[in-house]
Amino acid sequence: MADDLILMKLGGSLITDKESQTPKCRKKNIDKIAEIISKSNEKIVLVHGAGSFAHPLAKKYKIGNGFDGTNEQKEAITRARKQMRDLNQILCEAIIKTGVSCESIIPSLSMKINIENEPLDFPKYKFDEILSAGKIPVTFGDIVDTREKDVRILSGDTILLELAKLYKPKRTFFIMDYPGVVKGSLNSEELEIHDEIDSKFIEEVSIQSQNNRPDVTGGLLNKIRCALEISKNGECWISGLNNLSNCINDMPKGTRVIF
């Protein structure tokens, strides 16, 4: 058990403009995240989502369903992978600018997936090496190969779940553009959040979809399912940027997920 480790997933909607059909990052949010991380002494592993840097292409060309044999889709896969690396580089450069060392782990170069979107050949040793060097490992949702020479989408949420199983960290956080799991409408003037949710939540509560924010990895519902699995072995929270400093300094705020 790595009781000195924090795992953190930065949602694609937090670090990109997810409504955009072309890559557009939210640089102010990225810089704020980097600054908060730089003031913490915690050992951290970062995972981030794709947002507008890959979801529109993945959705348009149905990349999540695997190869369709067209040159157009092959080109889209290449473009989406490059855009994801571009976003990863923007985040890493912001972190390095604060004086904190980090190193990327690129899933399409180091991981495989099965057709159920479960990670295979997960390179824990790479994370271990980076952590041992006193750096922050930074990885992300990506389009990865299967052993059957096809492709599937490996979401950042799924990567976070795999890391939680391997490390059993002190805490795991999903950091979104909302302060937690919102009660009722996302458009309310004063957002109310659930202090705590459990496995009954996804059975009893309908989660409203936002069709103008394309997400090919399952959105909030998949996030909650992953969080429930993580909570079996450790503390897990869904929270937002305004709570980030509290979250990584032993004063977590947001929605706690309990299996």
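Visitor: Which residues are exposed on the other side of H6?
Guide: Welcome! In this predicted model, Glu129 and Ser132 are the exposed ones there.

Visitor: And which residues of H6 are buried?
Guide: Helix H6 spans residues 124-132, and Phe127, Ile130 and Leu131 are buried in it.

Visitor: What puts those three on the same side of H6?
Guide: Their arc around the axis is only 100°, so they share one side of H6. As a general point, an α-helix has 3.6 residues a turn, so residues three or four places apart point the same way.

Visitor: What covers the buried residues of H6?
Guide: The cover includes strands S1 (5-10), S2 (43-48), S3 (102-104) and S6 (136-140), along with helix H7 (156-167).

Visitor: Why is H6 called roughly perpendicular to H7?
Guide: The two helices pack at an angle of about 75°, with axes 11 Å apart. Angles of 65 to 115 degrees count as roughly perpendicular, so H6 is roughly perpendicular to H7. In this contact, Lys124, Phe127, Asp128 and Leu131 of H6 meet Leu163, Leu166 and Tyr167 of H7. The contact residues divide into 5 nonpolar, no polar and 2 charged.

Visitor: Why does Lys62 count as exposed?
Guide: Exposed means over 50% relative accessible area, and Lys62 has 54%, so Lys62 counts as exposed. Lys62 lies in the loop between helices H3 (55-60) and H4 (71-97) and has a positive phi of about 50° although it is not a glycine.

Technical notes
Residues numbered from 1 in each chain as written. Predicted model: local features only at pLDDT ≥ 70, side-chain atom pairs only at ≥ 80, totals over all residues. Heavy atoms only, no water. Buried < 20%, exposed > 50% of the residue type's maximum accessible area, 1.4 Å probe, protein only. Helix = DSSP H or I, 4+ residues; strand = E, 2+ residues; numbered from the N terminus. Arc of directions from axis to C-beta. Contact = heavy atoms within 4.5 Å. Axes fitted to C-alpha atoms, helices over the stretch in contact; angles between N-to-C directions. Parallel < 35°, antiparallel > 145°, perpendicular 65-115°, else oblique. Nonpolar A, V, L, I, M, F, W, Y, C, P; charged D, E, K, R; others polar.
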